[in-house]
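Good morning, and thank you for coming.

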Amino acid sequence: MRAVVLPLTTALLRDHPPEVRSTLVAVLAAPGSHLSRPLRQELLDAALETERDPDVLDALLTAAADGAARRPPPLTHDLVRRLALLLGRTPEGAARFDRRVVELAAATPDFSRLLLDWLTDTATWDPLVGPSARHRLGRPVPASGEHS
């Protein structure tokens, strides 16, 4: 199955418009079963190697939040951190990440609990989540008040 699915998915992610890629990455990010999880993760890793469209990354962030209750927390953590790094490459992307994590936390209690726990790891999350998002999430703003 992997021999068929990997090249097909890679081609879809490479050759199709953002609307198609957004739908596909949301499917890949779905928790799935313990049997499908390794292949989903491999395909998701392949998507994250090349994907830079903010709309596609936003769809993936939404899928990560929506599946937070059914996916192992370390996988959700890694996915959200990777998305923060990708979106954070531009000021617009960083602002979009901040806005979306606040919206998703408000709408998805399981994601909110995970996110609030992650934000206690200041070394990892201070550079990724801006002061206004931290404030709206109810977490202390870093002493420097800066957002990278």
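Threonine 9 touches Leu24, Leu28 and Leu43, leaving out residues up to four places away in sequence. Please bear in mind that we are looking at a predicted model. Threonine 9 is found in helix 1, which covers residues 2-15. Is threonine 9 buried or exposed? Its relative accessibility is 6%, and buried means under 20%, so threonine 9 counts as buried.

Let me turn to a second residue, glutamate 42. Glutamate 42 is found in helix 3, residues 37-50. Here the relative accessible area is 28%, and glutamate 42 is therefore partly exposed. Which residues does glutamate 42 contact, once its neighbours within four places in sequence are left aside? They are Arg2 and Leu6. I would also point out alanine 29: alanine 29 and glutamate 42 are separated by 13 residues in sequence, and their C-alpha atoms lie 11 Å apart in space.

I now move to a pair of helices. In general, two packed helices are described by the angle between their axes and the distance between the axes. Helix 6 comprises residues 91-107 and helix 7 comprises residues 109-118. These two helices pack at an angle of about 125°, and their axes are 5 Å apart. Angles of 65 to 115 degrees count as roughly perpendicular and those over 145 as roughly antiparallel, so helix 6 and helix 7 are oblique to each other. Which residues meet at this contact? From helix 6 they are Val101, Leu104, Ala105 and Ala107, and from helix 7 they are Pro109, Phe111, Ser112 and Leu115. Sorted by class, the contact of helix 6 with helix 7 has seven nonpolar residues, one polar residue and no charged residues.

Finally, the chain as a whole. Its secondary structure consists of nine helices and zero strands, and the pattern along the sequence reads α-α-α-α-α-α-α-α-α. The C-alpha trace spans about 50 × 30 × 25 Å along its principal axes. A compact globule with 148 residues would have a radius of gyration near 15 Å, and the chain, at 15 Å, agrees with this. Of the 148 residues, 41% count as buried. Among contacts with a separation of 6 or more, 56% are between residues 24 or more positions apart. The accessible surface of the chain comes to about 7,700 Å², and carbon and sulfur atoms account for 59% of that surface.

Thank you for your attention.

How values were computed. Residues numbered from 1 in each chain as written. Predicted model: local features only at pLDDT ≥ 70, side-chain atom pairs only at ≥ 80, totals over all residues. Heavy atoms only, no water. Axes fitted to C-alpha atoms, helices over the stretch in contact; angles between N-to-C directions. Helix = DSSP H or I, 4+ residues; strand = E, 2+ residues; numbered from the N terminus. Parallel < 35°, antiparallel > 145°, perpendicular 65-115°, else oblique. Contact = heavy atoms within 4.5 Å. Nonpolar A, V, L, I, M, F, W, Y, C, P; charged D, E, K, R; others polar. Buried < 20%, exposed > 50% of the residue type's maximum accessible area, 1.4 Å probe, protein only. Rg over C-alpha atoms; globule rule 2.2 N^0.38 Å. Areas by Shrake-Rupley, 256 points an atom, 1.4 Å probe, with all protein chains shown as cover.
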